[in-house]
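Thanks for making time this morning. I would like to walk through a few pieces of secondary structure and how they are arranged, and I will keep to what can be read from the coordinates.

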Amino acid sequence: MSEVLSEKKVHILTLGCKVNQYESDAMYEAFYAAGAVRGEENDADICIINTCSVTNIADRKSRQMISRLRKENPEAVIVATGCYVQAVANRGDDTAGIDADLIVGNNRKRDMVRLIEAYLTGQPITDSIIDINQDPEFEDLRIHMPESHTRSYLKIQDGCNSFCTYCIIPFVRGRIRNKSITSIMEEVETLAASGVKELVLTGINLSSFGDIGDLSLADVICRIHTVPGILRIRLGSLEPRILTEEFLTRISALPKVCPHFHLSLQSGCDTVLKRMNRHYTTADIHTIVDRLRQFYDRPALTSDIIVGFPGETEAEFEETYRTLENLQLYEMHVFPYSRRKGTAADRMDGQLPEAVKKERVRKLLELKARQMKAYEESFSGEPLQVLAEEIVTTGRGPCYRGHTERYILVDIPCSTVGNGEPDPALINTILPGTL
């Protein structure tokens, strides 16, 4: 308990990835332990913006959010943290240009309570930003009870050593490092005891977990699988290289592992992949997708795709389109290439006009919609297991809404379950449903 923070209202706004969301949840818990309470944007005493820097748009949103909170809640202490802050500091730019009272870099979020206490009491602060690329320590944040009792992110890895030519993340997250297995299992057991039914394992480059240390990612999954109360284990974004016969043989034997795999593909064209410094080919991708479908019945395969990479010709884009058409993925997150100062791709010739990128995004989103519909229709009329997450009102009346193991969103009319009335006690239980 902190005398300085007792009853202070704290609000955290989160941009970006699942890792950021996990870290924001962990910061909330640290403030609750210090005696603070949760506030809203317009009445909080302390507003924290957990920023993102994966694209120029993310940078802009981060700046806009900081400025908006300053205007809407001028009396609050405004704190900026996360990847955008770290990127500005790394470039040697003046962080004073960020309109916040306190600037906190990555790998310092676990110290957020201490740093804000120091700020509020007028103490000097000299360690709120570090050279992330020289820090080998995993920032061991913890969550005991997430905001949602049905699903919780669990960050087990941080940093990246890949240095893809388009990506700023290795510079703002540092080198790969892992959460210890002891800490992982303690957190899993705590989350299970709090009622969490589904864990989403996440990291900046989750596939690199086995690149250092004695344990592989499959080893970690096997251990988590033994924890009573956890019904589902969902994996975050995976590099194609990890989906070997050995890896899939091990995890496919674990019934709690969801048949849902998010593949970090980025392109479906060999020449573009080479310029991106991605170490696989489209032939490798086809092999991996075929392998996943051999081990799992209709696995949900999703991916990230970048279009408009420097020098991407119409023929190269068409190759990506044909590759994705053949792969028949469930869902794609499609992004126009975003120049990032300090990356190799930013210095490449052949930067494409925004209009070209926008048109290519449109074409892939149309393909995505068709493939998503076809995938979901393949389960039409089949009994599905749905983890109920909330009660919503739809055109069919009150419904329990949740996801299947394959992350298909399903609404189950309350009238078909139990006594027919909406029952909050059924949230966080597995219910039968259909599409």
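This is a predicted model: local features need pLDDT of at least 70, side-chain atom pairs count only at pLDDT 80 or more; totals for chains, interfaces and linings use all residues.

Let me begin with strand 8, which covers residues 198–203. Strand 6, residues 151–158, is joined to strand 8 by 6 bridges, and the two run parallel; within that pairing, Gln157 stands opposite Gly203 of strand 8. Strand 8 is also joined to strand 9, residues 232–235, through 4 bridges, again in parallel, and here the bridge partner of Glu198 is Arg232 of strand 9.

How many of the residues of strand 8 are buried? With buried meaning under 20% relative accessible area, 6 of the 6 residues qualify, and strand 8 is therefore largely enclosed by the rest of the structure.

Now to another sheet, an open one, in which 4 strands are arranged in the order 15-14-13-16 with antiparallel pairing. Strand 15, residues 409–413, and strand 16, residues 430–433, are the edge strands, and each has a single partner strand, so one side of each is left without a neighbour in the sheet. On average, and with direction ignored, neighbouring strands of this sheet are turned by 55° against each other. Looking at one pairing in detail, strand 14, residues 397–403, is joined to strand 15 by 5 bridges, the two running antiparallel, and His403 stands opposite Leu409 of strand 15.

Finally, a pair of helices. The axes of helix 11, residues 314–327, and helix 12, residues 354–377, come within 11 Å and cross at roughly 10°. Angles under 35 degrees count as roughly parallel, and helix 11 and helix 12 are therefore described as roughly parallel to each other. Helix 11 makes this contact through Glu314, Phe317, Glu318, Tyr321, Leu324 and Glu325, while helix 12 contributes Arg360, Lys363, Leu364, Leu367, Arg370 and Gln371. Sorted by class, the contact of helix 11 with helix 12 has 5 nonpolar, 1 polar and 6 charged residues.

Methods
Residues are numbered from 1 along each chain as its sequence is written. Side-chain values use heavy atoms; hydrogens and water are left out. Two strands pair if DSSP finds at least two bridges between them. Axes are lines fitted to C-alpha atoms, for helices over the stretch in contact, and angles run from 0 to 180 degrees between N-to-C directions. Buried means under 20% relative accessible area, exposed over 50%, partly exposed in between (1.4 Å probe, protein chains only). Angles under 35 degrees count as roughly parallel, over 145 as roughly antiparallel, 65 to 115 as roughly perpendicular and the rest as oblique. Contact means heavy atoms within 4.5 Å. Ala, Val, Leu, Ile, Met, Phe, Trp, Tyr, Cys and Pro count as nonpolar, Asp, Glu, Lys and Arg as charged, and the others, Gly among them, as polar.
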